[in-house]
Amino acid sequence: MDWLRSLTRQETTHSRFVGMLFLTVLTLVITIFLPPVADSELAGGAAIAIVVLGLSWLTGWSGQISLGNSGFMAVGAYAAGIWAHHHASTPLVFTLFLALVVGGISGLIIAVPSTRLRGPYLAGMTLAFSAAVTPIAQNFTSMTGGEGGLFFNSLATPKWFLHFFSGPYAAINASAQWSADLAVVVAGVMFFFMANLFHSRTGRAMRLVRDNDVAAELMGVNLARARTSAFVVSAAFAGLGGALYSLLQASVRPETFPIGLSITLLTLMVLGGIGTLSGAVIGGIIYAFSENLVAHVNSLTGVNPVSNVGANMQGMIFSVLLILTMLFAPRGIVSLKYPLQRLFRARPLSRGAKEVH
Amino acid sequence: MHNIFAGLSQGIIYSLVALSLVIIWQSTHVLNFAQGAMAMIATYIGMTEIDRGVGYWWCVIISVMVGMALGGVTERVLIRPLYGKPEINPIVVMVGFLGFLEALAAAIWTSTTRNIAEPFSQIYFKSNGHLVFLSSFVIFQIVLAIVIMLSVAALFRFTKLGLQLRASALAPEVSRLLGVRVSRMLTIGWILSAGVGAIAAVIIASGNFGLFPTNMDGIFVASFIAAAVGGLESPLGAVAGGLIIGLGEQFILAYWSPDVAPLGGIIILVIALMIRPQGLFTKTTIRRV
């Protein structure tokens with residue numbers, strides 16, 4: 001359980017904590033100025049960013065790929081949903097923690113037979129899992145509520161928060177901002193944990209597993225355990241993100257988590273930049289405002305948004321972007337920083353002088 | 001008895017799609033996640049020709065031709081730039097292609113289920129007043145699938161093209177030295193595979209299942225499991241795997257619980273992997289990690 005300890009490591013945690021805290025507070029301040037609609041979109045984006053981060057860890061750091069993270073989202077969402085449905089007064093932190101644990105356990109169940117599988121086998125196996133989740137949720141009606149799904153209201157805005165708002169739409173505005181702030185804080189905490197994991201002993205070992213598994217084994221890394229734990233962490237993040245996502249919507253239904261969502265997650269990860277924190281943030285932002293983007297494209301091209309073409313515009317744009325990014329810029333939007341860095345780097349002459357002596 | 005026929009007729013579809021996956025895997029070591037979607041698009045194009053008044057058999061031929069063309073173009077445009085890259089890259093690209101084709105089909109033809117009028121009756125035969133659980137459509141389905149499999153086998157076994165295909169899959173460098181145009185062989189592998197997939201999709205669209213943009217998702221998953229049970233390397237294993245999955249799903253549905261049926265394929269795959277991780281029908285040694 002090395003990775004568990006690494007989540008609260010002491011040496012360099014401090015600076016990362018300050019950085020994450022700064023970014024979280026900055027985003028919270030931004031939510032004050034955003035309109036309520038944008039706030040709720042941002043909340044959904046923050047939930048998705050957590051899932052994308054988990055997937056990014058799996059793919060970027062351990063070299064595995066999963067098409068099952070929409071399934072793990074569903075597992076976490078149903079775990080939280082079933083609990084919140086029966087125990088409405090549970091603190092949110094506990095519900096989310098439950099989703100994290102249940103998501104991780106479901107990841108473990110899928111991972112143990114899959115650790116023998118590499119690349120395409122693992123992708124296919126996880127695809128089979130996420131394909132099975134929707135019918136399972138539809139079939140076990142007594143627990144999941146079947147097609148209709150479950151409804152709950154765990155994100156009720158606290159009284160003290162309402163005081164900041166006035167006017168005829170105070171309640172709605174307050175609720176939108178409360179959910180956005182909550183989602184941003186949860187995402188901040190999860191990003192902080194993942195930042196530590198990236199820079200821990202486990203993170204370094206994981207990169208070695210990805211790049212050269214024989215060398216990793218010679219260094220004493222247990223390959224099967226490393227791959228399994230990477231998978232479990234990824235599934236736990238997906239479970240928590242899925243739970244947060246459905247808590248924001250105050251309901252969970254089988255068709256919230258289609259296979260297509262796994263493709264969307266993959267797209268967001270690749271677009272942002274595989275294996276990076278900022279890539280996952282970019283992915284979340286893209287998701288949050290994708291509907292606006294698509295509406296913009298629809299109005300630019302003159303496509304009727306409620307027509308067939310308009311309704312499927314998002315799917316087409318996302319998949320084309322995924323293919324193009326993978327073919328021409330596999331490191332994603334984050335890799336744009338390299339040309340920028342080169343621009344601001346010290347002059348070649350002075351660097352050459354340094355190298356001489 | 002009913003379960004055996006139903007399982008076999010479903011399983012042979014899985015076998016066909018699994019066979020098409022194995023052909024691609026053997027030639028280019030890519031698991032084509034868009035295989036089902038490509039076949040779906042080909043079937044839609046064939047179906048629009050039926051709407052224009054051509055007969056069923058023309059629809060089959062058009063679908064297969066379109067499917068083959070799509071397979072060849074896909075290999076040239078999407079897969080060729082990715083040879084030698086990490087194995088995740090082609091997976092991601094093909095998953096993206098899957099998403100694109102499904103969104104495209106929904107945009108053009110809507111998501112409502114359509115049916116291609118089947119060429120043969122689906123009503124079960126009766127003998128001495130008992131249902132036999134076989135219809136002429138089921139027989140057509142099984143016979144067509146077997147004919148396709150045998151012709152693919154014959155192509156690989158007895159023709160010069162088949163020999164070149166096998167050679168470039170087994171030892172690309174040596175084949176290139178001996179004058180086989182390996183890159184062309186890879187494209188031909190994709191064309192063949194997409195054609196086989198398109199036939200399976202047409203059969204599915206002709207039956208009760210119908211045609212809708214995501215109709216091949218479940219089939220693809222089951223066929224992938226079938227190919228994985230067989231070991232991904234072996235065409236014979238793919239066919240056997242398909243039949244095993246078809247029968248297994250049917251028996252789980254009939255004797256255990258319909259609620260767990262969606263998990264049936266995964267359960268079978270896990271059991272098969274525990275028995276023989278390298279696949280039930282493969283001779284190659286597993287990569288030790």
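**Entry 1: a helix in chain B.** I began with H11(B), where I found Ala261(B), Pro262(B), Gly264(B), Gly265(B), Ile268(B), Leu269(B), Ala272(B) and Leu273(B) buried (20 or more other C-beta atoms within 10 Å of a residue's own, with C-beta atoms placed from the backbone). Helices here are DSSP runs of H or I, at least four residues, numbered from the N terminus.

A note to myself: this is a predicted model, where local features need pLDDT of at least 70, side-chain atom pairs count only at pLDDT 80 or more, and totals for chains, interfaces and linings use all residues. Residues are numbered from 1 along each chain as its sequence is written, while chains are lettered from A and ligands numbered from 1 in the order in which they are written.

**Entry 2: its cover and its length.** I looked up what covers those buried residues, and the cover includes H5 (92–114) and H6 of chain A, along with H9 (215–230) and H10 (235–256) of chain B.

**Entry 3: where the chains meet.** I found 41 residues of chain A in contact with 36 residues of chain B (C-beta atoms, placed from the backbone, within 7 Å). On chain A's side, H6(A) gives the largest share, 14 residues.

**Entry 4: confidence.** I read a mean pLDDT (the predictor's confidence in each residue, from 0 to 100) of 84 for chain A, with 91% of its residues at 70 or more.

Technical notes: Contact = placed C-beta atoms within 7 Å. Helix = DSSP H or I, 4+ residues; strand = E, 2+ residues; numbered from the N terminus. Buried ≥ 20, exposed ≤ 12 C-beta atoms within 10 Å, placed from the backbone.
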